[in-house]
Amino acid sequence: MNTAKMLSVAGCVSALLIGCSVQAVQARDLTVVSWGGNYQDAQRKIYFEPFSKKAGKPVLEESWDGGIGVLAAKVKAGTPNWDVVQVEAEELALGCADGFYEKIDWNKLGGKDKFLPTAVDDCGVGAIVWSTALSYDANRLKEAPKSWADFWDVNKFPGKRSLRRGPKYALEFALMADGVPPADVYKVLATPEGVDRAFKKLDQLKPHIVWWESGAQPLQLLASGEVVMTSAYNGRISGINKTEGKNFKVVWPGSLYAIDSWVILKDSPNKDQAMDFIAFASQPENQVKLPEYIAYGLPNKEAAAKVPADLQKDLPTAPENLSNAVALDADFWIDNIEELNKRFNAWLAQ
Amino acid sequence: MSRAPARERMGALLLIVPLLAFLAVFFLWPLWTMVRASVVDDTVSRVLPRTAAAIVSWDGQGLPPTQVQQALVEDLRQADDQQALGETVRRLNSAVSGFRTLLTRTTNAVRDGTDAVAVDLGDLDRRWKEPRFWLALRDAVPPYTDRNLLAAVDMKRDAGGAIVSEDPGASANRLIMFRTFLVAAIVTLASAAIGLPYAMLAAAVTGWKRTALLLAVLVPLWTSLLVRTTAWFVLLQNEGLINRALQAMGLIDSPLPLIFNRVGVVIAMTHVLLPFMVLPIYSVLLSVPRNLMQAAASMGAGPLRAFWRVLLPLSLPGLLSGSLLVFMVAIGYYITPALVGGANDQMISSVIAFYAMGTANWGLAGALGVILLLVTMILYFIYGRLSKSPQLLGA
């Protein structure tokens with residue numbers, strides 16, 4: 001080893017790899033982050049691989065389970081190591097208010113009027129309309145549950161159930177099981193009495209609940225017969241029915257739907273390419289392929305109109321599925337998630 | 001005379017510079033950041049300086065005077081660092097739910113209006129007529145705070161500044177912390193009960209038998225934690241291998257509840273952590289002369305007595321350091337309890353993860369970390385005293 005080489009090695013070590021890792025960051029390819037499981041498998045086939053072929057460059061991918069803190073840490077580090085991220089409605093609102101995202105170039109996307117109004121934001125472009133709904137294995141249950149009240153009825157449907165761990169997607173369902181009409185759920189939940197009522201209803205079911213955290217878990221729980229019913233992301237249900245020949249069913253009345261959006265992290269080194277990727281994933285001819293793999297609604301109006309009728313009926317955006325569903329209130333949750341989560345943890349621990 | 005040793009000492013010091021640098025950057029600095037994050041609370045005074053200056057003169061009765069309200073309007077108009085403002089909003093919303101949408105709406109309205117128009121906050125959003133939002137703002141002005149540390153152990157300051165317990169049902173950090181140590185202790189005991197005989201066996205046999213025994217411990221250590229935990233999921237579930245086998249043998253009629261409860265967590269964690277118990281004991285036993293047991297026998301001790309009086313005291317240092325390792329690693333566990341545990345088995349790391357990754361409340365996440373660190377250090381201190389105690393080592 002000559003002196004110059006030794007010095008450069010020593011320099012790197014003494015700078016504790018900071019200098020070296022900066023070089024690595026500059027060379028990094030476009031990194032797209034989504035939600036894993038069979039949903040990301042579908043995205044890989046219709047978005048990641050074709051875009052990579054078109055651009056002539058590799059597309060790196062990662063998956064995550066949400067959380068604004070993850071994005072905050074990446075952005076505050078200076079140069080984020082993710083470029084495009086699919087985020088939930090609250091993360092979109094929080095991150096946009098806090099300056100974590102680049103502004104969207106709507107000209108590249110063909111204008112805002114090509115999309116559902118709720119899928120348009122300064123910082124994000126709608127990727128899917130998805131639903132969290134009561135799901136069950138029709139091969140195991142003779143009689144079909146029809147509502148959240150049935151979910152709570154352990155005499156009629158004996159066995160364990162599972163819900164997503166956390167107040168979100170538990171308190172809303174508890175209120176509906178307690179007889180609150182879907183349209184009034186957030187009105188009731190906005191009052192302290194409403195929150196008490198929801199927790200009281202959860203009390204009844206507590207010994208029978210298995211809590212899940214990532215979207216793939218409820219499928220596993222249903223498939224193994226560990227639970228008789230669960231809340232689950234609707235697209236994954238239709239996905240597993242197709243790929244593994246299951247007979248899982250989704251109960252649409254009382255489901256909660258929301259929009260997930262593509263965002264670009266602030267100061268991403270691949271900003272332009274990230275915008276191109278989002279434009280690619282938003283083109284109707286690309287987006288229309290999604291429901292073949294996984295039953296999520298499409299925010300691009302032209303793509304949504306092109307979905308064949310037999311696939312259309314499984315989407316959260318189908319009119320008959322929307323009729324008794326609730327739109328997730330992102331504003332309610334960005335205000336209350338911390339306090340309610342604290343209370344939820346305390347409730348769980350009792 | 002004295003110069004040569006000094007130079008030698010310098011040379012020796014140079015050799016450990018990389019180690020010191022490593023410790024400073026990857027250990028002390030993150031630790032310092034965590035402690036700092038838990039007590040520093042300067043975001044409001046930094047981002048809303050006029051409000052901070054004006055609100056200290058308010059006595060906290062009713063609503064603050066108009067100049068405080070106008071100072072806030074002016075601050076929001078001037079705040080140009082979006083990320084810093086976001087931190088302030090997060091800090092305030094963590095104290096009173098609702099600040100998030102309130103401040104977003106107010107900031108947008110203030111920026112849309114012209115400078116000449118005085119903005120009436122109460123008209124803009126009726127929440128500004130509630131004193132609790134203003135009180136939270138006033139509480140956030142001092143640059144240092146103990147609210148995170150207090151919240152980490154379910155305490156808070158009441159309106160008068162006295163330290164009181166949180167309302168029951170509002171927070172359960174203390175309980176979860178206690179549970180974390182309880183689970184870690186059970187896992188340590190279980191690991192010791194299995195690990196000690198195992199290590200003795202491995203040290204007693206030779207050749208391929210020893211290799212096989214050691215590999216059986218080491219191979220799982222090289223496997224990803226997630227894979228091992230998922231494997232336990234497959235084994236323990238109601239229709240899993242263990243329950244199926246027991247039912248086929250006719251030992252049980254209905255499946256044993258092995259998963260989504262404490263039993264599952266202890267089984268899975270013990271398996272994952274067993275190598276940390278076996279290896280230290282094994283390495284201590286290797287240095288024990290083999291003829292000691294024979295010597296004990298020749299002096300009339302039965303096998304049990306020889307074990308109790310000779311082998312066990314000699315393996316105690318290994319057992320102690322193994323226990324310490326297992327315990328320390330166990331209190332940080334997160335994935336295993338989340339996957340095979342029930343609602344009552346979540347440990348403190350999952351709460352820390354929620355604040356760090358879920359809501360970006362790094363102050364509270366840091367405070368929980370500080371408390372965990374303190375308790376662990378106390379336990380380590382006790383361990384240090386115990387392991388030095390001569391009686392325990394049988395010396």
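User: Leaving aside neighbours within four places in sequence, what is B:M269 in contact with?
Analyst: B:V187, B:A330, B:Y333 and B:T336. Contact here is C-beta atoms, placed from the backbone, within 7 Å. This is a predicted model, where local features need pLDDT of at least 70 and side-chain atom pairs count only at pLDDT 80 or more, while totals for chains, interfaces and linings use all residues. Residues are numbered from 1 along each chain as its sequence is written, with chains lettered from A in the order written.

User: And how many residues are in the largest nonpolar core?
Analyst: 165, and B:M269 is among those with the most contacts inside it, as are A:V84 and A:I278. Such a core joins buried Ala, Val, Leu, Ile, Met, Phe, Trp, Tyr and Cys through C-beta atoms within 7 Å; buried needs 20 or more other C-beta atoms within 10 Å of a residue's own.

User: Which helix gives the largest share of this core?
Analyst: α14 of chain B, residues 262–286, with 16 residues. Helices are DSSP runs of H or I, at least four residues. A second, separate core has 23 residues, including B:L85 and B:F99.

User: Switching to the interface: how many residues of chain A are in contact with chain B?
Analyst: 31, against 34 residues of chain B. On the chain A side, α18(A) supplies the largest share, 15 residues.

User: Ok, domains. How far apart are the C-alpha centres of domain 2 and domain 3 of chain B?
Analyst: 51 Å. The assignment, automatic or from a database, puts domain 2 at 43–142 and domain 3 at 173–388.

Key. A residue is buried if 20 or more other C-beta atoms lie within 10 Å of its own, exposed if 12 or fewer, and partly exposed in between; C-beta atoms are placed from the backbone. Helices (H or I, at least four residues) and strands (E, at least two) are DSSP runs, numbered from the N terminus. Two residues are in contact if their C-beta atoms, placed from the backbone, lie within 7 Å.
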